[in-house]
Amino acid sequence: MNNEKHAWWKEAVIYQIYPRSFQDSNGDGIGDLNGVTMRLDYLKKLGIDVIWLSPVYKSPNDDNGYDISDYRDIMTEFGTMEDFDRMLAAAHARGIKIVMDLVVNHTSDEHKWFIESRKSKDNPYRDYYIWKDPRDGHEPTNWGSNFSGSAWKFDETTGQYYLHLFSEKQPDLNWENPKVRDAVYDMMTWWCDKGIDGFRMDVISMISKVQSYPDGELFDGVYGNANPYVCNGPRVHEFLQEMNRRVLSRYDIMTVGEAAGVTVEEAKRYANNEGTELGMVFHFEHTDGSSNSESVIGKWTVNPPRLTYVRGILNKWQTELEGKAWGSLYWDNHDQPRAVSRFGNDSKEWRELSAKMLATVLHMQKGTPYIYQGEEFGMTNMHFESIDDCRDIEEINAYQQYVTDHKLVDAETMLRCFDTIARDNARTPVQWDASANAGFTTGTPWIKVNPNYTEINAEAALADPNSVFYYYQKLISLRHTTPIIVYGTFRPLLPDSEVLYAYEREMDGKVLTVAANWTDREQECTLFDDLEGEELISNYDSHRTGILQPYEARVILH
């Protein structure tokens, strides 16, 4: 008998909305909260349980809302708090929960705390942020920002540097200061009392820094790597246990931490079965382009990931978390390229089959699955003609650093890297129909719509019973009705295959066998030849003995 502790968020399917690109309701070219409300019936039809809403707080938008100037107000472009309350009520009326993005490693430099902090060294808010004296007239450490350039910014007013692991407009909060933690917990409580259903915690593994602030090893020939000193830091678990006691344990909510640099061992602490910290974490190992394919520079690559690498990572997380911690399952999100372009085949011939194959592989694993907007009908990566097409600060800064300033990469290669792995691939507007601007807006969209919207859109998918949309709908329904998919033990199969991804799930004497062909050619596979049982789902109507057809996926319960 499987004795896994049950929880609603383990049985749920999460749908991430990046509001800026989801649906514009007022014609200004920017998605908004009323646009989300407009599309709730579509999400109800898909069958999802939870919306993870990327940040909608007041923000000057240096990093598309991940730079927050007021945690208790709504970004002007997205609407008002009344719009938020209406959306929350409308979602709840449809049985859909809302999870907020919690960004508390840093704020905007326009947050009132930082405005005060930078005024003087004796300001009451000075220690809300991390300030250091110059070292030999330069930055306190050699650390590089995640968005290129130094992680330190000199401030003329007091002659000190402040730390920003991301944009210089995103100063890091000083979690060593108990007043900062109190303020964060108070804000979280305010949102929970409003009725939200949980938090996705942005770069939460970075809130504790090694207090000696040593230099990092050079990682791009220009700056030092801060990660060993800021990821999974010395007090991170202490802080999260305090957060859990003060806020999280008082509500029936789900929590997932974005945990940059997390290892399986660390994840067992973050998402432990005792529930003293978080429900689950996101890791990035399987999406790391520079690790699973040869990179051009830093994270930037033009090569597809290898199945052997991706499967090895996912299987490791499945087997090593078993019985110890809960995992999260995803192919893409607002920080990743489109799943079917990165891991599958986005050509006209194979896009739908490979999208269904990838969905099968993911949704039959143990953990809570996440769908990113547009993934459910097979949206693809964009082609970037020039840097002028890009809106993401990470891409713009990387181009400046590697192409313009240091001439380490030529423009054409950098743009090919963007086509492969840039974050803007996920941020092009959701393609609702074949009308102008894909039905996203009646105005000028804030970022270009992918030109393939006339063929690839939600309306076309809803009209086709064999579409990727209805395949996702069925996968979600199966998770809701088949406990072995949620709680069954995971066992890898064919671990050395370079072309097939296969595994079993087992619970209460039943076995679920899953196999998928990762290629556009027929491959030998005998796993199903002698199996007698119920085929729960497949992306082919007919099968061949001893063979998996191109991008074929099958799931049999026996």
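A: Buried residues (under 20% relative accessible area; exposed is over 50%, partly exposed in between, with a 1.4 Å probe and protein chains only) make up 62% of the 558 residues in the protein chain. The model is predicted, so local features need pLDDT of at least 70 and side-chain atom pairs count only at pLDDT 80 or more, while totals for chains, interfaces and linings use all residues. Residues are numbered from 1 along each chain as its sequence is written, and side-chain values use heavy atoms, leaving out hydrogens and water.

The protein chain has 17 helices and 22 strands, which are DSSP runs numbered from the N terminus (helices are H or I with at least four residues, strands are E with at least two). Its radius of gyration is 23 Å, close to the 24 Å of the globule rule for 558 residues, so the chain is as compact as a globular protein of that length. That radius is taken over C-alpha atoms, and the rule is 2.2 Å times the number of residues to the power 0.38. The C-alpha trace spans about 75 × 50 × 45 Å along its principal axes. Among contacts (heavy atoms within 4.5 Å) between residues at least 6 apart in sequence, 70% join residues at least 24 apart.

In soluble globular proteins, nonpolar side chains tend to be buried together. A nonpolar core here is a set of buried Ala, Val, Leu, Ile, Met, Phe, Trp, Tyr and Cys residues joined through side-chain atoms within 4.5 Å. The largest one holds 146 residues, of which Phe84, Met188 and Phe199 touch the most other members. Helix H5 (residues 178–194) gives the most to this core, with 8 residues. A second, separate core has 17 residues, including Leu163, Phe166, Val230 and Ile393.

Met188 shows the packing in detail. Leaving aside neighbours within four places in sequence, Met188 is in contact with Leu102, Phe199, Met201, Met243, Val247 and Leu248. Three of these names return around Thr255, in strand E10 (residues 254–258): with residues up to four places away not counted, Thr255 touches Phe199, Met201 and Leu248, along with Leu278, Gly279 and Met280. Thr255 is buried, at a relative accessible area of 6%. In sequence Thr255 and Met100 are 155 residues apart, yet their C-alpha atoms lie 9.6 Å apart in space.

Helix H5 also contains Lys194. Lys194 is partly exposed, with a relative accessible area of 26%. Not counting residues up to four places away in sequence, Lys194 touches Phe84, Met81, Asp85 and Leu88. Between Lys194 and Asp85 the separation is 109 residues in sequence and 8.5 Å in space, C-alpha to C-alpha.

Most residues other than glycine have a negative phi. Ala438, although not a glycine, has a positive phi of about 60 degrees. Ala438 sits in the loop between helix H14 (411–421) and helix H15 (458–463), and counts as buried at 0% relative accessibility. Asn61 also has a positive phi, near 70 degrees, and lies in the loop between strand E3 (57–58) and strand E4 (70–74).
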